[in-house]
Structure formats: structure tokens, C-alpha cells
Amino acid sequence: RRGDWALIERRLGDEAATLEQGGAGCVLLCSNTMHKLYDSIVPRVSIPLFHIADTLGHALAADGLTRAGLLGTRTTMVEDFFTTRLLNGFGIEVIVPDEGQIETIHTIIFDELCRGIVRDSSRDAYLEIMDDLASRGAEGIVLGCTEIEMLVKPQHHALPLYDTTLLHARHAVEWGFRTGDDF
């Protein structure tokens, strides 16, 4: 809330290093927004630190998508750390909501979902935004915030939904089984 990204970066880097020292085989940064700091945290560990946009990019590419609509916090939607990684790494264009829609999404995340409040009216607002993204060419919708899945489920929209939290966790589990590492 204070926007002290330097403090957050130090704290997350310290935690990642502590996990490695404790014997972790990999690290997950379980927040889309915190991936803004990914490039600063990676040098702090020698074990894999999986990027949430990479796991998403693999899933979108596997399904043949080239354009995806993005829902998330303001930081995730507006800054380029997420969208550029998808474009450069996977050739996937990300369509973001307009400024008013971004404000609606962001407010619902922090004023409702982070507090465990799930309202039908908020779901309706998200669905309207998702319809707009679809009309602008989105072939799927990225649920790019850990809380959005509380509000929007696959049965709520015709486009496929990509829950980054679930994809990220599955990737780590699959990696662990492939490598046999204790993670």
C-alpha cells in the first residue's frame, strides 16, 4: 500500500534465499504483482525461481492462443513486466481493460476479494469487462491475481479462463515429480 518496492524486494529476496538455505529445490513467488520484482530476486538464489507468466505462456501457447485478455491488480495490468514477458517469450499479445475497467477490477480485488467478500454485482462487472476484452479479440481470459478465482469460474464465461495461481502451482508440482527433488 505504501509503494515501498525496495523494502518488498529485499524482503522477498531474503525469504527466497532462506528457503534455499533451508533445502528448498525451487521457489514460487505466489503473487502475480510481486513478479514485478522477479528480475531482482532471481540473482539471490541458485535454485529455480519459476516466473508465473512463463507457466501461463506455456498454457496459452499449448492451447494455440495468440491474444489474451488480462485481469489483475493495476500494477499487473498497467506495468509491462507481465505483458512483455508473454509477448517476447511466447508471441502472445495481451489485451488490457481500459482505465475505468482497470479501476473497477483493482478496487474489487482490494476492497472485496482480499477481504473474502464475493458479490454477484462484482462478478457481473468482471463478466462485462471480459465480454469487452473478447470483443477486442481476446481468445482467453487470464485471471492474473490470486483472488479473482473466488469471483469468476470457468462456467461464468464462454472464453477459456487461465488461473495463473493454479497453473503456477501445477508447474512446480510437475517439476518436482520430473526432477525427483524434495521441494
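**Ground rules.** I number residues from 1 along each chain as its sequence is written, and I use heavy atoms for side-chain values, leaving out hydrogens and water. As the model is predicted, local features need pLDDT of at least 70 and side-chain atom pairs count only at pLDDT 80 or more, while totals for chains, interfaces and linings use all residues.

**Entry 1: helix α5.** Which residues of α5 are buried? I found Phe81, Phe82, Thr83 and Leu86 (buried means under 20% relative accessible area, exposed over 50%, partly exposed in between, with a 1.4 Å probe and protein chains only). These residues pack against several elements, including α3 (52-62), β3 (67-72) and α8 (164-179).

**Entry 2: α3 on α5.** Next I checked how α3 meets α5. Their axes come within 9 Å and cross at roughly 45° (axes are lines fitted to C-alpha atoms, for helices over the stretch in contact, and angles run from 0 to 180 degrees between N-to-C directions). That makes α3 oblique to α5 (under 35 degrees is roughly parallel, over 145 roughly antiparallel, 65 to 115 roughly perpendicular, the rest oblique). From α3, the contact uses Ile52, Ala53, Asp54, Leu56, Gly57 and His58; from α5, Phe82, Arg85, Leu86 and Phe90 (contact means heavy atoms within 4.5 Å).

**Entry 3: the aromatic pair.** How many aromatic pairs does the structure hold? I count one. Phe50 and Trp175 sit edge-to-face, 5.5 Å centre to centre with 70° between the planes (rings of Phe, Tyr and Trp, its six-membered ring, pair if their centres lie within 6.5 Å; planes under 30 degrees apart are stacked, over 60 edge-to-face, the rest tilted). Phe50 is in strand β2 (residues 49-50) and Trp175 in helix α8, so the pair ties together parts 125 residues apart in sequence. I noted that both Phe50 and Trp175 are buried.

**Entry 4: α6 and α7.** Last, I looked at α6 (residues 99-111) and α7 (residues 120-135), which pack at about 145° with axes 11 Å apart. On the α6 side I see Gln101, Thr104, Ile105, Ile108 and Ile109, meeting Ser122, Ala125, Tyr126, Ile129 and Asp132 of α7.

Conventions:
Helix = DSSP H or I, 4+ residues; strand = E, 2+ residues; numbered from the N terminus.
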